[in-house]
Amino acid sequence: MSDTHAIDTIDDLRRHLQWAIELEHATIPPYMCALYSLDPKRNPEAVHVIGSVLTEEMLHLALAANLLNAVGGSPRLDAPELLPPYPHPLPHGDRSVQVHLVPFGAEALELFLRIERPASADALPQPDEYRTIGQFYAAIEAGFRALCDELGEAEVFCGAPERQLGEGHFSGGGGTIIPVHDLKSALAALAEIVEQGEGAARTEVWDGDRDVYHPDHDEVAHFYRIQELRAGRRYQRGDTPQTGPTGEEIAVDRAGVLPMRPNPRTSDYPEGSPVRVAQEEFNQTYSLLLYLLEQSFNGEPDQVKEAVGVMFTLRAQAVALMKLPSGDGRTTAGPAFEYVPPEDRT
């Protein structure tokens, strides 16, 4: 990594940690679409896998906010740049990775594999236009270490401790929400994000946690969980990234997936039509979620509980949309994830 791209000021570190929030958020709408398109009765295993990844992406979002708060920043979520029109590139990353909204299936799994792809063991940190998320977080880690060496931990970790989220605010799924107050806790938070996504030490299938849905199993990192769904088979002890999964089968009932039209937009439907009205209601609810998360991360951590309640509303609204005909005779409608400015909220 050249010095010109190093994260070498506190302001630069704050900017990159805001990018981390935008990156973690960018994964949430596509995972939601895949999850909500699945019939839980016909595809319980796929629901467990995608649902667990979605929960952990929310955890990663909270960890990124803790990291930014720890260095005196102000996490921003209730902003139009968090919801650019679909499809769009992964924020600040490899522009060939286009984030799109599609139902569960081969296209969704391919997108998730590209997002979660592990860095190679010798990959260098990349603070911008990164090829893998692991390289981006490696650059942030290098920035933390360099700034602590140069300025001292007390100067770097200048944020208000009461803005940190802990286990009392966020639970469910694998992993731990780590309050950040020094270099050791910052490195632990970064490791939690990277290992859950791409596996331990870039060479392991496992992420170091226990599988919430199968307590007798170790948990597989996100990239490899998606591979399990694509292969229709679980990883088992002794499996490696090279062998692929060789364990028990995972059945996926392709008929138990709602055929959502890719990248839905409200502009595709006339004003006042049932689909558009339902999409606009979803947009309002999702924008409320962004508001509640921003409040949670900016001094009102108890708002997280209300945000979790809004997630249940979003699920019901999305599933209802995916049962409405889109009008083309083949697909159903779906959530558009369009930002509603505060002045237009009801």
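## Helix 8 and what follows

A helix here is a DSSP run of H or I that is at least four residues long, and helices are numbered from the N terminus. With that in hand, welcome to this predicted model. Just past the end of helix 8, G232 has a positive phi of about 70°.

Helix 8 itself spans residues 222-231 and is mostly covered, with eight of its ten residues buried. Those buried residues begin with H222, F223, Y224 and R225, and they also include I226, Q227, E228 and L229.

## Helices 2 and 3 side by side

Now turn to another part of the chain. Helix 2 covers residues 28-36, and helix 3 covers residues 44-70. The two pack with their axes 9 Å apart, at an angle of about 160°. Angles over 145 degrees count as roughly antiparallel, and helix 2 and helix 3 are therefore roughly antiparallel to each other. Their crossing is left-handed.

## A look inside

Searching the whole structure turns up two cavities of 30 Å³ or more. The second largest cavity holds about 40 Å³ of space.

Which residues line the second largest cavity? They are L90, D94, V97, R114, I115, Y130, R131, T132 and I133. Asp and Arg count as charged, and the lining includes D94, R114 and R131.

Terms used:
Residues are numbered from 1 along each chain as its sequence is written. This is a predicted model: local features need pLDDT of at least 70, side-chain atom pairs count only at pLDDT 80 or more; totals for chains, interfaces and linings use all residues. Side-chain values use heavy atoms; hydrogens and water are left out. On a 1 Å grid over the protein atoms alone, a cavity is a set of points where a 1.4 Å probe fits but cannot get out, and a pocket is an open set with protein on both sides within 12 Å along at least five of seven lines; lining residues have an atom within 4 Å of a point. Grid points are joined across faces, edges and corners, and a volume is the space filled by probe spheres set on the points. Buried means under 20% relative accessible area, exposed over 50%, partly exposed in between (1.4 Å probe, protein chains only). Axes are lines fitted to C-alpha atoms, for helices over the stretch in contact, and angles run from 0 to 180 degrees between N-to-C directions. Angles under 35 degrees count as roughly parallel, over 145 as roughly antiparallel, 65 to 115 as roughly perpendicular and the rest as oblique. A crossing is left-handed if the near helix is turned anticlockwise from the far one by less than a right angle, and right-handed if clockwise.
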